[in-house]
Amino acid sequence: MKNTLPFTPSLQVDNLLFISGQVGINPESSTLANENFDAEVKQVMENLKTQLQTHGLTLEDLVSTTIYLKDMKNYAALNERYSSYFENKYPTRTCIAVLDLPANASVEISGIAHFKTKE
């Protein structure tokens, strides 16, 4: 899906990758995965993974995420799906309750990843 909005999906600066907020838009259908909250979080995480893979990184390379959540009642469900994407360590994280999000999304996640230096 071509980005027509005035931002860069991800940007490398030195050994860091800054990933713009990802919502649960399925890139194949260009629609929000809104069957339920879990499906939306799963799509957000898959979109985050795709941005990382574009730069040769994985979720293990994330050092920090910021989560924007429209309803804190979904906090436990968010944590359950989010934690399933990490095996060895979690990135640092901030979760913020917000009034609204683009595309009527329930959750948005941005991230910062680290490129490991080659020895």
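This chat goes through the sheet, helix packing, salt bridges and surface of one predicted model.

User: What should I know about the model and numbering before we start?
Analyst: This is a predicted model, where local features need pLDDT of at least 70, side-chain atom pairs count only at pLDDT 80 or more, and totals for chains, interfaces and linings use all residues. Residues are numbered from 1 along each chain as its sequence is written, and side-chain values use heavy atoms, with hydrogens and water left out.

User: Ok, sheet first. What is the strand order?
Analyst: β1-β2-β7-β5-β6, an open sheet of 5 strands with mixed pairing. Strands here are DSSP runs of E with at least two residues, helices are runs of H or I with at least four, and both are numbered from the N terminus. Two strands pair if DSSP finds at least two bridges between them.

User: Which are the edge strands?
Analyst: β1 and β6. Each pairs on one side only.

User: How many degrees does the twist average?
Analyst: 10° from one strand to the next. For angles, axes are lines fitted to C-alpha atoms, for helices over the stretch in contact, and the values run from 0 to 180 degrees between N-to-C directions.

User: Start at β1. Is the pairing with β2 parallel or antiparallel?
Analyst: Antiparallel, over 4 bridges, with β2 covering residues 16–22. The two strands form a hairpin with 2 residues between them. Aspartate 14 sits in that turn and has a positive phi of about 55°.

User: What about β2 and β7, parallel or antiparallel?
Analyst: Antiparallel again, joined by 5 bridges, and β7 spans residues 107–114. Glutamine 22 stands opposite isoleucine 109 in β7.

User: And β5 with β6, parallel or antiparallel?
Analyst: Parallel, with 6 bridges. Tyrosine 68 has isoleucine 96 in β6 as its bridge partner.

User: Which strands does α1 touch?
Analyst: β1, β2, β5 and β7, as α1 packs on the sheet. Its direction makes about 150° with that of β2. Contact means heavy atoms within 4.5 Å.

User: Switching to charges. How many salt bridges are there in the whole structure?
Analyst: A search finds 4. The criterion is a side-chain nitrogen of Lys or Arg within 4 Å of a carboxyl oxygen of Asp or Glu.

User: What does aspartate 38 pair with?
Analyst: Arginine 81, with the closest N and O atoms 2.8 Å apart. The pair links distant parts of the chain, 43 residues apart. Aspartate 38 is in helix α1 (residues 37–54), and arginine 81 is in helix α2 (residues 75–83).

User: Is aspartate 38 buried, exposed or partly exposed?
Analyst: Partly exposed, at 33% relative accessible area. Arginine 81 also counts as partly exposed, at 22%. Buried means under 20%, exposed over 50%, and partly exposed in between (1.4 Å probe, protein chains only).

User: Where do lysine 49 and glutamate 46 lie?
Analyst: Both are in helix α1, 3 residues apart, about one turn of the helix. Lysine 49 is partly exposed at 25%, and glutamate 46 is partly exposed at 28%.

User: What is lysine 49 in contact with, leaving aside neighbours within four places in sequence?
Analyst: Leu59 and Tyr85. As for glycine 21, its C-alpha atom is separated from that of lysine 49 by 12 Å, and the two residues are 28 apart along the chain.

User: And lysine 70, what does its side chain meet?
Analyst: Aspartate 100, in a salt bridge of 3.4 Å, N to O. The residues are 30 apart, and both are in loops. Lysine 70 is between β5 (62–69) and α2, whereas aspartate 100 is between β6 (92–97) and β7. Lysine 70 counts as partly exposed, at 27%.

User: Now the surface. Which residues form the nonpolar patch with about 250 Å² of accessible area?
Analyst: Leu11, Val13 and Phe18. Areas come from the Shrake-Rupley method with a 1.4 Å probe, and for residues only the protein chains shown count as cover. Patch residues have over 30% relative accessible area and no salt bridge; like charges are joined within 9 Å, and nonpolar side chains (Val, Leu, Ile, Met, Phe, Trp, Tyr) within 5 Å.

User: Why can leucine 11 qualify on area?
Analyst: Because its relative accessible area is 47%, leucine 11 passes the 30% cut-off. Leucine 11 is in strand β1 (residues 10–13). Its bridge partner in β2 is phenylalanine 18.
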